[in-house]
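I opened this entry to look up charges, rings and strand pairing, one after another. The notes below follow the order in which I went through them.

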Amino acid sequence: MKKTFSLILITISLLAASQAMAQTEVTSASATKEKGYTVINPGEPIVIYKYVHAAHSPKEAEKYAAKYFFTTSSSDVLKELTKANLKKEFPENHPFHDALDANFKEDKELIKYDEFHKMYKLNWIIKNNTN
């Protein structure tokens, strides 16, 4: 009986926590330096944000790798920078999907800078693969 009650309490707590997290969307307006966000490419079609967790000690800083997010002109809600999320953001742009797959094997490569074109490679690709 105790185990069942404990399991129910844990389930309710997890559901409440997931709902609270879903309600706290980060937007381009709320993603400030004070909250750990930095815009790394202002003015480009896909704006990339770098989030660094404010660790309390140097040892803890290693636990929290930087995370990257993006916004587009159609949505100011920050989304995690992944190929899957980019494809969802541009669902009808199949040439862009193909170019993403051809140029980036892993999500961590999406933040590569194109020295020749002086812009992030991701934005060069969207610029050249627009429907």
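I started with Asp114, which I find in strand β5 (residues 113–114); helices (H or I, at least four residues) and strands (E, at least two) are DSSP runs, numbered from the N terminus. I keep in mind that this is a predicted model, in which local features need pLDDT of at least 70 and side-chain atom pairs count only at pLDDT 80 or more, whereas totals for chains, interfaces and linings use all residues. Residues are numbered from 1 along each chain as its sequence is written, and side-chain values use heavy atoms, with hydrogens and water left out.

Buried means under 20% relative accessible area, exposed over 50% and partly exposed in between, with a 1.4 Å probe and protein chains only. A salt bridge is a side-chain nitrogen of Lys or Arg within 4 Å of a carboxyl oxygen of Asp or Glu. I did find a polar contact of 2.7 Å between the side chains of Asp114 and His117; such a contact is a pair of N or O atoms within 3.5 Å, where within protein one must be able to donate a hydrogen and the other to accept it, and residues adjacent in sequence count only if both atoms are side-chain atoms. I then followed Lys121, which lies over the face of Phe104 at 5.9 Å from the ring centre; the criterion is NZ of Lys or CZ of Arg within 6 Å of the ring centre and within 35 degrees of the ring normal.

My search of the whole structure finds 5 salt bridges. One of them joins the side chains of Asp101 and Lys83 (3.6 Å, N to O). Asp101 lies in helix α4 (residues 94–103) and Lys83 in helix α3 (residues 83–89), so the pair ties together parts that are 18 residues apart in sequence. I recorded Asp101 as partly exposed at 33% relative accessible area, and Lys83 as buried at 15%. Glu106 and Lys108 also meet in a salt bridge (3.4 Å, N to O), with Glu106 partly exposed at 41% and Lys108 exposed at 65%. Lys118 pairs with Glu115, their closest N and O atoms being 3.8 Å apart; Lys118 is exposed at 56%, and Glu115 is exposed at 53%. Salt bridges that share partners join Lys83, Lys87 and Asp101 into one network.

I found 4 aromatic pairs in the whole structure, where rings of Phe, Tyr and Trp (its six-membered ring) pair if their centres lie within 6.5 Å, with planes under 30 degrees apart counted as stacked, over 60 as edge-to-face and the rest as tilted. Among them, Tyr37 and Tyr51 form a tilted pair, 4.8 Å centre to centre with 45° between the planes. Tyr37 lies in strand β1 (residues 37–39) and Tyr51 in strand β2 (residues 47–51), so the pair ties together parts that are 14 residues apart in sequence. Tyr37 is buried at 11%, and ring pairs link Tyr37, Tyr51 and Phe69 into a cluster.

Strands β3 (residues 67–72) and β4 (residues 75–80) pair in the antiparallel sense over 3 bridges, pairing being called if DSSP finds at least two bridges between two strands. A hairpin of 2 residues joins β3 to β4, and Phe70 has Lys79 as its bridge partner in β4.
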